[in-house]
Amino acid sequence: MMLKQLFTIAISFTCAISSAQSPLHILPQPIQAERRPGEFRIDAGTSITVSGGGNGDRAGDAGKADRVVNFFREQVTRLSGIRLPVRKAPAPGRHIEFVLGDTTGLGDEGYRIAATTTLVRVSAGSVKGLFYGVETLLQTLPFIRTNQPPAIPCMEVMDRPRCPWRGMMLDVSRHFFSPDMVKEFIDVLASYKMNVFHWHLVDGAGWRLEIKKYPKLTSLAAWRVDDRDKPWNWGEVMFNADKSRATYGGYYTQEQVKDIVAYAAARNITIVPEIEMPGHSEIAMAAYPQLSCHPRDHFGNKGDFLATHVESNYCPGNDSSFVFLQDVLTEVMQLFPSTYIHLGGDEVDKTDWKTCDKCQRRMNQEGLKNVEELQSYFMKRMEKFLLIHHRRMIGWDEILEGGLAPSATVMSWRGEDGGIQAAKMGHDVVMTPGDPCYFDHYQGDPATEPLAIGGFNTLKRVYDYEPVPQALDASQALHVLGSQANLWTEYISTWEHAEYMILPRILALSEVLWSPVDRRNWQDFNIRLQPHLRGFEERGLHYCKGNYKVEIKPLVKDGKLFVGMATENPDGVIYYSIDGSMPGVSSLRYEHPIAVTGTMRVKAVMTLQGKVMNPAPAEQSFTLNKATGREVVYLHPNSRYYPADGPNTLTDGIRGTTDIGRGWHAFSGEDLVATIDLGSSMEIGRLSLGCIQNWGQWIFLPSQVRFELSDDGVHFREAGVADNNVPMDLRDAVIKDFIITIPKQQARYVRVTARNAGPCPKGHPGEGQNSWIFADEVIVE
Ligand code: TNX
């Protein structure tokens with residue numbers, strides 16, 4: 001069946017116009033879409049009519065309907081050169097009819113298409129619906145101009161979205177993208193029926209929005225001197241008083257913003273602007289230091305740039321901070337009609353607030369118990385300002401800490417917990433957990449992908465995302481407005497790279513958010529995806545061609561270790577080797593998990609139609625010791641942000657590498673205490689725990705590791721202690737095994753206690769805050 005479908009699609013590639021029965025490949029998948037025999041040819045004899053929309057409150061919609069129709073006409077002209085005339089009444093010959101006023105079951109954004117060989121009717125209850133009908137029609141046309149008259153396949157479609165918030169965020173602070181690039185982004189979103197563009201206009205690395213009242217935000221804060229890669233990683237911001245010395249920068253004028261807002265509105269996209277506060281604001285503090293807690297002149301006496309530490313936050317003790325931000329928001333609200341204004345609120349390093357007299361005074365006056373409540377005060381005060389202006393605040397999930405502003409909407413990014421908590425409190429939420437909604441994460445094998453910030457959010461992982469958590473009951477679930485992808489751009493400096501990170505993952509998210517759950521099907525999605533990928537190719541858009549990585553996973557059964565392999569591609573076939581050779585189609589074909597009987601190195605590739613797809617094979621070594629495959633019980637649970645290969649990562653035979661996203665279990669601000677049951681009493685002479693230090697990631701080696709043994713799992717005796725001899729200020733990543741050798745003795749249980757090194761040391765960007773322990777394996781010999 002699958003092969004037959006593929007064959008049909010292959011045919012449709014080569015003779016898209018002449019094939020009477022090319023299947024539909026609409027994406028996101030409509031509620032109902034039936035292909036009918038034949039097609040409707042668009043040629044010089046085709047005309048358009050527009051009807052409906054005249055009934056009272058919809059009168060205004062009629063004009064907007066004309067705009068949607070004109071949008072369709074422009075696209076047809078672009079693709080074929082044909083200019084379709086609009087007539088008052090149907091003329092003889094084939095025509096396309098747009099009808100406003102069909103509200104049966106279509107909701108606010110739904111549409112219907114009935115296409116025969118002589119008539120195409122697109123009907124909807126709103127201009128939004130008409131627009132989506134048009135986007136569906138456009139998906140049936142060629143992606144670029146051809147010499148043939150375009151044809152719409154005969155079909156019946158009924159469609160409306162599942163979620164009202166179908167979004168994507170673009171960070172233009174870390175790297176700046178021109179208005180034309182932003183418009184291309186909007187076009188991509190619109191093609192796939194996304195309706196929110198969250199524009200991250202402001203961050204510590206650059207202010208990108210012209211604010212007339214505060215010219216230094218663009219004359220200074222939009223520019224920086226990048227004298228090393230990713231300057232934001234170093235706890236400092238490079239900025240410049242003299243634009244001529246800047247090496248990087250850019251901003252949008254208010255005129256450009258108005259143009260972009262109108263461009264988006266014409267495509268049914270609301271732009272939600274984000275003005276970060278109170279943190280992530282280094283560059284604004286550099287330009288207006290009087291708004292920070294400990295004002296310093298950042299420009300030196302020559303008016304030249306300085307590269308010293310700049311505070312990251314507005315001072316909430318200082319009323320001028322609020323006056324400034326309210327002025328900024330006043331201009332923002334004039335530019336952006338969006339009901340929601342995003343006020344950031346994430347990752348506020350509150351250290352400066354603790355030593356600021358004004359902040360302390362504010363806390364006393366307002367009866368605030370801690371700096372979390374001070375942040376809450378800040379956000380609530382800003383929310384009030386928005387509410388007075390009939391706008392609503394949305395912010396990252398940190399705005400829950402210290403008390404959520406009364407009618408705020410929460411964007412849940414640190415997993416889904418913040419969103420669940422807020423929804424249970426009756427607040428609206430947008431789900432955007434790092435995994436899988438962060439599109440700055442890898443989408444294919446990191447070994448062969450452009451350098452990314454980390455993580456592994458493949459097309460399939462995005463496709464499998466379910467934005468409504470099971471933890472919510474039906475009424476709470478209504479507070480989940482939808483979800484969005486986020487493209488943070490620390491590692492993305494060109495628009496080509498941005499396209500590559502967005503495509504095709506946004507197509508998967510669009511189907512998650514638009515299509516009914518029961519219409520989602522990974523295999524079918526892959527089939528419909530192919531013509532779209534071809535369209536990207538034709539249009540010169542950069543996109544990721546797929547995740548061909550073979551996942552090599554440890555599996556444990558009855559205390560024995562096996563190796564499982566998997567690929568996300570529905571048609572992928574895996575071949576592997578265990579003798580060090582390069583795997584290929586003549587190697588062993590993977591059918592079921594293979595037993596690990598000694599130290600072994602597995603190499604695997606995925607093939608499609610007999611062709612090896614991986615530039616480099618996936619590789620994984622497995623080692624065996626007396627603890628391998630055994631159950632690990634932690635005193636404090638490991639961080640869910642680093643799940644590695646599951647609960648028994650310390651005994652799964654897999655050693656970690658300097659890539660901290662794999663193989664490591666992590667503990668923040670706590671000791672690692674793990675007990676392992678070897679299953680029966682064994683002779684033990686050597687014990688070790690593998691750990692890593694990575695200064696830049698706040699990961700430090702434990703100060704010491706203690707090993708204890710027991711026969712009954714209750715009474716433990718100390719076997720020995722291994723101390724750390726690596727200094728905390730060593731910046732290079734280092735992997736160290738903490739080893740003890742002991743006189744041979746019998747025991748069934750091993751307890752390992754790794755002492756947390758304590759807070760991040762002086763001079764570290766996280767000074768005074770919790771550090772991590774990372775461990776990969778307990779080895780018992
Ligand atoms: C966290 S998500 C951030 C951003 C970074 C991003 C990198 C969020 C609200 N804050 O500032 O760019 O991680 O993935």
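Predicted model: local features only at pLDDT ≥ 70, side-chain atom pairs only at ≥ 80, totals over all residues.
1. Seven strands make up an open sheet, arranged in the order 1-7-5-6-4-2-3 with mixed pairing. Its edge strands are strand 1 (32–41) and strand 3 (86–87), each of which pairs on one side only. Strands here are DSSP runs of E with at least two residues, helices are DSSP runs of H or I with at least four residues, and both are numbered from the N terminus. Two strands pair if DSSP finds at least two bridges between them. Strand 1 and strand 7 (residues 151–159) run antiparallel and are joined by seven bridges.

2. Residues are numbered from 1 along each chain as its sequence is written, and side-chain values use heavy atoms, with hydrogens and water left out.

3. The residues around the ligand are R174, H280, D346, E347, W396, W413, Y438, D440, I453, W488 and E490; a residue is near a molecule if one of its heavy atoms lies within 4 Å of it. This shell divides into five nonpolar, one polar and five charged residues. For that count, Ala, Val, Leu, Ile, Met, Phe, Trp, Tyr, Cys and Pro are nonpolar, Asp, Glu, Lys and Arg are charged, and the others, Gly among them, are polar.

4. The side chain of R174 has an N or O atom 2.9 Å from an oxygen atom of the ligand. In the side chain of D346, an N or O atom is 2.8 Å from a nitrogen atom of the ligand, and for the side chain of E347 the distance to a ligand nitrogen atom is 3.3 Å. The protein covers 92% of the 360 Å² of accessible area that the ligand has on its own. Accessible areas come from the Shrake-Rupley method with a 1.4 Å probe, and for residues only the protein chains shown count as cover.

5. Buried means under 20% relative accessible area, exposed over 50%, and partly exposed in between (1.4 Å probe, protein chains only). Helix 3 (residues 127–140) reaches 20 Å from its first C-alpha to its last, close to the 20 Å expected at 1.5 Å a residue; the expected span is 1.5 Å times one less than the number of residues. In helix 17 (residues 505–514), 10 of the 10 residues are buried, so helix 17 is also largely enclosed by the rest of the structure.

6. N313 sits in the loop between helix 7 (282–287) and helix 8 (319–335). With 3% relative accessibility, N313 counts as buried. Its side chain joins that of S312 through a polar contact of 3.2 Å. A polar contact is a pair of N or O atoms within 3.5 Å; within protein, one must be able to donate a hydrogen and the other to accept it, and residues adjacent in sequence count only if both atoms are side-chain atoms. A polar atom of the N313 side chain also lies 2.7 Å from the backbone oxygen of D349.

7. Please check the backbone in a few places. Most residues other than glycine have a negative phi, and most peptide bonds are trans. The peptide bond from M277 to P278 is cis, with omega near -15°, and the one from D435 to P436 is cis with omega near 15°. H390, in the loop between helix 11 (371–388) and strand 16 (392–396), has a positive phi near 60°. H390 counts as exposed at 69% relative accessibility. D558 lies in the loop between strand 20 and strand 21, and its phi is near 50°. At 71% relative accessibility, D558 counts as exposed.

8. Lastly, a hairpin. Strand 31 (residues 704–710) and strand 32 (residues 716–723) pair in the antiparallel sense over seven bridges. L709 has R717 of strand 32 as its bridge partner. Five residues lie between the two strands of this hairpin, and G713 in the turn has a positive phi of about 80°.
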